[in-house]
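Hello,

Here is the structure I promised to pass on. Please open it first, then read my notes below.

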Amino acid sequence: MNTDFYAIEDLLSEDQVLVQNSTSDFIQKNVKPIIEEYAQKAEFPQHLVSQFGEMGLFGPAIPVEYGGGGMDYISYGLIMQEVEKGDSGLRSMASVQSSLVMFPIYEFGSEAQKNKFLPKLATGEYLGCFGLTEPNHGSNPSGMETTLKKEGDHYILNGAKMWITNSPVADIAVVWAKNEEGRVKGVIVEKGMKGFTAPEIHNKWSLRASITGELVFDNVIIPKENILPLKDGLGAPLKCLDNARYGIAWGAIGAAIDCYETAKNYSLERIQFDQPIGGFQLTQKKLSEMLTEITKAQLLALRLGQLKNAGKATTAQISMAKRNNVEMALKIAREARQILGGMGITGDYPIMRHMMNLESVITYEGTHDIHLLILGAEITGIPSFK
């Protein structure tokens with residue numbers, strides 16, 4: 001029995017099923033055999049970037065004329081789900097590329113910026129990153145200290161960003177900074193610009209196969225052609241985060257499915273007291289609850305995808321799905337680990353890696369508690385954070 005317990009595939013189009021299956025096959029062939037080794041070494045499998053590009057896993061919802069896939073948002077979600085079955089860190093890489101780099105350039109960029117950057121990002125020739133979080137400002141992005149000052153026919157960028165996926169190897173960074181009026185502006189910073197560095201963050205216990213770093217700007221000269229012209233204000237990066245959080249809501253299901261299937265298969269092979277441990281009531285309770293929660297999360301993500309396709313998905317709806325589905329996945333990872341006993345902590349199985357990864361996923365793109373408060377403000381009409 002597979003994890004599509006409510007026959008959700010029957011609600012998908014032929015194209016959506018094809019996208020899901022082809023992504024699944026790609027991950028099974030190219031990611032699963034190597035990911036444990038890369039995670040153990042805390043090394044980013046950078047050779048996969050071009051392969052992701054060839055598979056069309058970058059910018060699937062970006063129009064074809066700019067190199068994207070021209071797909072709908074359910075297809076995008078299914079891609080994120082299948083990639084995260086492989087590893088949350090690789091889904092983070094792809095999610096940043098699609099939702100936090102390509103999306104703002106497409107949505108807020110000039111025609112020249114779209115033509116210059118989007119096709120290369122789609123193929124993986126360029127890898128991008130997104131600079132919003134700062135050393136002193138995580139859940140409160142409005143407090144950002146990075147500045148952008150006009151000087152003649154160009155701008156001067158100063159400041160620093162922290163916990164930036166892809167940054168040490170990124171070719172471009174979409175960065176958010178405040179201008180002289182305190183208005184948030186988006187800029188495209190290119191590798192090689194004088195005063196721009198991206199040191200790597202080491203010693204992570206989570207997302208070890210993803211590369212994470214800082215962005216440091218020391219009087220970086222930004223040509224006016226690199227300013228995103230079509231939108232400013234904090235709403236611009238927050239709109240990007242909605243897109244990324246939507247992908248996470250789907251992606252977390254993939255991590256949960258991989259943990260569940262690992263535990264189910266192990267329970268049918270592990271013999272104790274002369275029978276498979278899958279025959280014991282407590283193991284069946286765990287597996288039954290896992291499948292139930294996965295099914296609920298799938299239905300939540302599917303409906304959210306329908307709303308997103310219709311242009312109706314709200315920030316609060318996306319927050320609910322991100323929060324629920326990541327918490328679900330983390331709980332399933334912990335229960336699945338128990339079914340495997342001591343073997344569950346080894347790199348012979350993916351569960352502990354997923355569990356450590358999900359500890360980051362439950363924090364980034366809006367922490368678990370912040371999403372609760374976004375929902376609370378929607379329910380009551382009273383924001384509880386200022």
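The largest pocket holds about 1200 Å³ of space. Keep in mind that this is a predicted model.

How many residues line the largest pocket? The lining is made of 41 residues. Nearest the centre of this pocket lie T133, G138, Y364, E365 and G366. Sorted by class, the lining has 17 nonpolar residues, 15 polar ones and nine charged ones.

Now the second largest pocket. Its volume is about 360 Å³. Its lining counts 18 residues. T3, D4, E9, Q20 and Q81 are the closest to the centre. Three helices, α1 (14-30), α4 (73-86) and α7, each supply at least two of the lining residues. The classes here are five nonpolar, seven polar and six charged.

Look next at Q20, one of the residues closest to the centre of the second largest pocket. Q20 sits in helix α1. Is Q20 buried or exposed? Its relative accessibility is 15%, so Q20 counts as buried. The cut-off for buried is under 20%. Leaving out residues up to four places away in sequence, Q20 touches L12, L78, Q81 and E82. With E82 there is also a polar contact, side chain to side chain, at 3.0 Å.

D258 counts as buried because its relative accessibility is 7%.

Which residues does D258 contact, apart from neighbours within four places in sequence? They are K32, K85, P350 and H354. The side chains of D258 and K32 make a polar contact at 2.4 Å.

- Start at the largest pocket, around T133, G138, Y364, E365 and G366.
- Move to the second largest pocket and find Q20 there.
- Follow the side chain of Q20 to that of E82.
- Finish at D258 and its polar contact with K32.

Best wishes

Definitions and conventions: Residues numbered from 1 in each chain as written. Predicted model: local features only at pLDDT ≥ 70, side-chain atom pairs only at ≥ 80, totals over all residues. Heavy atoms only, no water. 1 Å grid on protein atoms, 1.4 Å probe; cavity = no way out; pocket = protein on both sides within 12 Å on 5 of 7 lines; lining within 4 Å. Points joined across faces, edges and corners; volume = space filled by probe spheres on them. Nonpolar A, V, L, I, M, F, W, Y, C, P; charged D, E, K, R; others polar. Helix = DSSP H or I, 4+ residues; strand = E, 2+ residues; numbered from the N terminus. Buried < 20%, exposed > 50% of the residue type's maximum accessible area, 1.4 Å probe, protein only. Polar contact = N/O pair within 3.5 Å; in protein donor to acceptor, adjacent residues only side chain to side chain. Contact = heavy atoms within 4.5 Å.
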